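Hi,

Here is the structure I promised to pass on. Have a look at it first, and my notes follow below.

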Amino acid sequence: MAVFTPVSLADLSAWLLQFPLGRAHAIKGISSGIENSNFFITTDAGDYVLTIFENLSFEQLPFYLHLMDHLAQRGILVPAPVANNAGQLVSLLHGKPAAIVSKLSGTSQMEPSPLHCGEVGTMLAKMHLAGQDYDLQQDNLRGLAWWTETAPKVRDFLSPEQLQLLSSELQHQQTYAASAPYQTLARGPIHADLFRNNVMFDGTRLTGFFDFYFAGWDTLIFDLAVTINDWCIHLESGELDPARVSALLNAYQQVRPLSTEEQSAWPTMLRGAALRFWLSRLFDFYQPREAHMLTPHDPAHFERILRKRCEQ
Ligand SMILES: Nc1ncnc2c1ncn2[C@@H]1O[C@H](COP(=O)(O)OP(=O)(O)O)[C@@H](O)[C@H]1O
Ligand SMILES: N[C@@H](CCOP(=O)(O)O)C(=O)O
């Protein structure tokens, strides 16, 4: 759990004067995030979520906030950013960029059934289509370039077997990314972190995708692989659950059928999606940032998933 930058009700009250939301009544730190400082806030105008960005710069933020705005306008269920009185979606709080977005109803479904997975597949495909005419460009900042740059920073902490896995998988992903078939894959703005904890449900009704702060342009099939590697697995073993995989993939393809190239890329994408989170978890585990409350995610989970996807 993490709140990296504390904000008091007095701090919020002063800062909120620039928003058309009336007075601040309450602020409560949210402990479950690991990237940013998040708070539920209550104002005269209702309940919202305040995020202080710990790693992203002022220049990078319009990409994410305008993307959420763009998707919301096209009927995709995502939080809507609130502009301040000057029309800005981002402004400084305690010297860091901060934004307010609408609060989604519901809770995260941490034990999804095929029904939940079908809902996610449908909304993900609709989101991929709705993103096609988004005109801001930013690479996936946790893509292959980041994997390549981060691997040397965690090497010293790994066993010989782990080092071998990391090196060979990185090599496999680099070779594939340099190949002709890779260039044909459909691209667009992707969520890139669509885990169970980043989707809200009310019963089996999906109420929204959130936490877009890893979004960037990348292959759509990579986004699907990230999603399946979390939603459709048995968490203890990392094994894929065929019923949930079919539900999510079928629902996705009802809206956006996969191309032949995407189908061929699938095993490599599942491996790349596992590598991405193994690396970020290793990095957070061995190079932790300061936080007032922090529980790092377990890197062994994605190491296990990567090994399983390589065996398959
Ligand atoms: N727009 C939102 N509506 C409702 N709850 C939200 C919203 N944004 C964040 N939350 C809550 O805050 C928690 C942490 O947010 P998250 O974006 O995952 O943090 P981080 O980016 O730091 O990992 C979520 O698990 C969720 O409970
Ligand atoms: N989903 C990632 C971590 C990113 O944290 P989030 O709370 O912003 O989703 C992981 O599980 O490693």
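Keep in mind that this is a predicted model. I'll start with Arg256, which is buried at a relative accessible area of 10%. Its side chain meets that of Glu262 in a salt bridge, 2.7 Å from N to O. Glu262 is buried too, with a relative accessible area of 1%.

Arg74 pairs with Asp133, with the closest N and O atoms 3.3 Å apart. This one links distant parts of the chain: Arg74 sits in the loop between α2 and β4, Asp133 in the loop between α3 and α4, 59 residues apart. Arg74 is partly exposed at 40% relative accessible area, and Asp133 is partly exposed at 47%.

Then there is Lys308 with Glu239, where the closest N and O atoms are 3.5 Å apart. Lys308 lies in helix α10 and Glu239 in the loop between α7 and α8, so the pair ties together parts that are 69 residues apart in sequence. Glu239 is partly exposed, at 33%.

Next, helix α2 (residues 61-73): its 13 residues reach 18 Å from first C-alpha to last, close to the 18 Å expected. Its buried residues include Leu61, Phe63, Leu67 and His70, and the buried residues of α2 pack against β5, α3, β6 and β9. Just after α2, Gly75 takes a positive phi of about 85°.

Last, the surface: Phe157, Phe285 and Tyr286 form a nonpolar patch there, with about 260 Å² of accessible area together. Phe285 belongs to helix α9 and counts as partly exposed, at 40% relative accessibility.

Cheers

Note on methods: Residues are numbered from 1 along each chain as its sequence is written. Chains are lettered from A and ligands numbered from 1 in the order in which they are written. This is a predicted model: local features need pLDDT of at least 70, side-chain atom pairs count only at pLDDT 80 or more; totals for chains, interfaces and linings use all residues. Side-chain values use heavy atoms; hydrogens and water are left out. Patches are made of residues with over 30% relative accessible area and no salt bridge: like charges are joined within 9 Å, nonpolar side chains (Val, Leu, Ile, Met, Phe, Trp, Tyr) within 5 Å. Accessible areas come from the Shrake-Rupley method with a 1.4 Å probe; for residues, only the protein chains shown count as cover. A salt bridge is a side-chain nitrogen of Lys or Arg within 4 Å of a carboxyl oxygen of Asp or Glu. Helices (H or I, at least four residues) and strands (E, at least two) are DSSP runs, numbered from the N terminus. Buried means under 20% relative accessible area, exposed over 50%, partly exposed in between (1.4 Å probe, protein chains only). The expected span of a helix is 1.5 Å times one less than its number of residues. Contact means heavy atoms within 4.5 Å.
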